[in-house]
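Subject: Handover of a structure for your review

Dear colleague,

Please find below the structure that I am passing on to you.

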Amino acid sequence: MKAHDWYVENRPAFVARSLERAEERTFIDHLVRCEECTREVARLERDLAWLPMGVAPVAPAPGLPRRMASRILDRPSRWRYAIPYGLAAAMALLAIGLSVRGRAERASMESQLATRDQRLAALQDTLSIVQRAQQILQAKISMNGHDGGLVIFQEPVSHRWYVVVHGLPPAPTGNVYQFWFITTSGMVRSVEVRGDPERPAFMTLPMPPVAAPVMGAALTVEPVVNRSTEPRGPMLAHVTF
Amino acid sequence: MPGHPPSPEPRGGPPSEGHRSGSGLALRGEASLRRRLLARDEQALVELIELASPWMLGLVQSILSDSDEAEEVVLEAFTAAWNAVGSLGDEHETLLPWLFRIARNRAIDRLRRHKRTRLKLARAEAMGALETTRVAPPEVNEAAQPGWHVHQSVHAALAGLPPEQGETVQLAYFHGLTHSEIAQRLGIPMGTVKTRLRLAFDKLRVALAPIKDWVP
């Protein structure tokens with residue numbers, strides 16, 4: 001049995017994510033070097049793309065989609081405030097204002113606590129990426145007299161990167177900072193990066209859903225209109241493994 | 001989560017207007033939805049969540065056996081997708097499978113990160129969640145549920161597997177167990193687990209071929 005046979009045999013297990021942790025790490029390392037396995041894994045994932053729908057759907061709680069959208073957009077839901085305010089008004093009419101205040105404070109504290117719990121979970125997730133990072137890439141960025149940097153923590157288990165961009169001034173008018181994945185088959189557009197010299201931008205990014213292995217990343221300045229699937233603007237940073 | 005494949009009836013009210021489309025999903029033209037998401041159309045995000053969240057919740061709950069955690073993971077997955085939709089390839093990848101993969105990976109990461117596997121197994125076993133008795137598809141009128149016909153196709157493909165292979169797929173894919181955990185649970189060698197999974201996937205590739213290129 002050749003060494004490569006093990007990878008061939010375990011492609012389904014890798015797609016199912018039933019490999020043990022160390023095995024999974026070994027397989028990921030192999031994928032970076034093996035075009036055949038990368039291609040076959042991508043093909044298997046495509047063939048089984050709808051397998052997750054073998055589980056029956058669970059209807060979300062009423063209002064959950066809107067609440068999720070609000071959370072993602074970082075915009076509080078109207079109802080989140082309307083309900084306590086409406087409740088407070090009704091209770092005021094019943095002349096039990098003090099009771100209302102107590103409830104409102106409790107609701108507010110519970111809400112704050114829930115928000116902090118979610119924040120903590122997010123930070124723990126971020127920390128796990130940093131702790132498990134297999135490689136760390138860094139590059140210096142100079143833009144309009146500002147010196148900053150790009151730092152990437154590559155986490156191989158969940159296939160995510162934690163990316164920090166710091167020291168960038170606001171993008172020139174009509175332009176955005178664009179983050180790209182560099183793959184063996186070309187550049188793949190990722191997220192836009194906010195420019196703020198005082199506040200670093202932190203991003204957790206999954207690997208691009210392309211078959212080609214990711215070799216690195218780049219940051220460019222791109223126009224807001226007439227965007228291209230390939231970078232055209234000036235390259236600010238460029239890192240490869 | 002009873003039976004194999006897990007098929008509880010959807011909870012809650014009827015799907016929103018955006019979901020009604022007769023035979024398929026109402027979001028006609030995935031390219032259109034993608035363009036709107038890329039243009040940061042917030043309504044498109046809401047539509048995507050309404051469309052995909054029932055399936056994602058079902059999948060993630062199956063893995064985590066916890067509805068609250070499932071909601072958190074699904075929210076994380078949508079957040080990641082909203083931030084990275086620009087990186088979604090347009091040739092071979094469609095939105096829903098991409099979202100499913102993100103959600104499933106995150107659910108499994110969470111399951112393993114917190115070293116909860118043993119606890120979950122015990123809990124799930126106590127609740128009968130890992131009961132592997134095969135059951136018939138539920139006799140409910142789910143025609144209005146977006147993607148229901150895809151679910152039925154996948155359900156039929158899973159039901160067509162030999163029992164021991166279906167059981168292995170269920171434990172690995174829908175409950176997030178590793179080879180060693182499956183081997184321990186079923187009392188079989190790890191090599192047998194791998195073989196069953198490989199044979200099952202070969203059969204599923206054939207059985208799911210007619211819907212492989214389906215686009216909502």
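Two residues are in contact if they have heavy atoms within 4.5 Å of each other. By this criterion, among the contacts in chain A with a separation of 6 or more, 57% are between residues 24 or more positions apart. In chain B, 71% of the contacts between residues at least 6 apart in sequence join residues at least 24 apart.

This is a predicted model, in which local features need pLDDT of at least 70 and side-chain atom pairs count only at pLDDT 80 or more, while totals for chains, interfaces and linings use all residues. Residues are numbered from 1 along each chain as its sequence is written, chains are lettered from A and ligands numbered from 1 in the order in which they are written, and side-chain values use heavy atoms, with hydrogens and water left out.

The two chains

Helices (DSSP runs of H or I, at least four residues) and strands (runs of E, at least two) are numbered from the N terminus. Chain A has 7 helices and 8 strands, whereas chain B has 9 helices and 0 strands. A residue is called buried under 20% relative accessible area, exposed over 50% and partly exposed in between, with a 1.4 Å probe and protein chains only. On this basis 47% of the 241 residues of chain A are buried, and 55% of the 216 residues of chain B.

Nonpolar cores

A nonpolar core is a set of buried Ala, Val, Leu, Ile, Met, Phe, Trp, Tyr and Cys residues joined through side-chain atoms within 4.5 Å. The largest one has 85 residues, and those with the most contacts inside it are Leu51(A), Phe78(B), Val169(B), Phe201(B) and Leu204(B). Helix 2 (residues 42-64) of chain B gives the largest share of this core, with 14 residues. Apart from this core lies another, of 26 residues, which includes Leu137(A), Trp161(A), Phe179(A) and Val193(A).

Phe201(B) has contacts in both chains: leaving aside neighbours within four places in sequence, its partners include Pro12(A), Leu48(A), Leu51(A), Val169(B) and Tyr173(B). Ser18(A) is placed in the loop between helix 2 and helix 3 of chain A and is buried, with a relative accessible area of 0%. Not counting residues up to four places away in sequence, Ser18(A) touches Ala13(A) and several residues of chain B, among them Arg112(B), Thr178(B) and His179(B).

Aromatic rings

Rings of Phe, Tyr and Trp (its six-membered ring) form a pair if their centres lie within 6.5 Å; planes under 30 degrees apart count as stacked, over 60 as edge-to-face and the rest as tilted. There are 13 such aromatic pairs over all chains. The rings of Phe14(A) and Phe27(A) are stacked, because their centres are 4.5 Å apart and their planes are at 10°. Phe14(A) lies in helix 2 (residues 11-16) of chain A and Phe27(A) in helix 3 (residues 21-33) of chain A, so this pair ties together parts that are 13 residues apart in sequence. Phe14(A) is buried at 7% relative accessible area, and Phe27(A) at 0%.

Arg40(B) lies over the face of Trp82(B), 3.9 Å from the ring centre, and Arg104(B) has its charged end over the ring of Tyr173(B), 3.8 Å from the centre.

Strand 3 of chain A

Strands pair if DSSP finds at least two bridges between them. Strand 2 (residues 146-155) of chain A runs antiparallel to strand 3 of chain A, and 7 bridges join them. These strands form a hairpin with 4 residues between them, and His159(A) in the turn has a positive phi of about 55°. Phe153(A) stands opposite Tyr162(A) in strand 3, and both residues are buried. Strand 3 also pairs with strand 6 (residues 201-206) of chain A in the antiparallel sense, over 6 bridges; there, Trp161(A) has Leu205(A) as its bridge partner. Of the 7 residues of strand 3 (residues 160-166), 6 are buried, so this strand is largely enclosed by the rest of the structure.

With kind regards

How values were computed:
A charge sits over a ring if NZ of Lys or CZ of Arg is within 6 Å of the ring centre and within 35 degrees of the ring normal.
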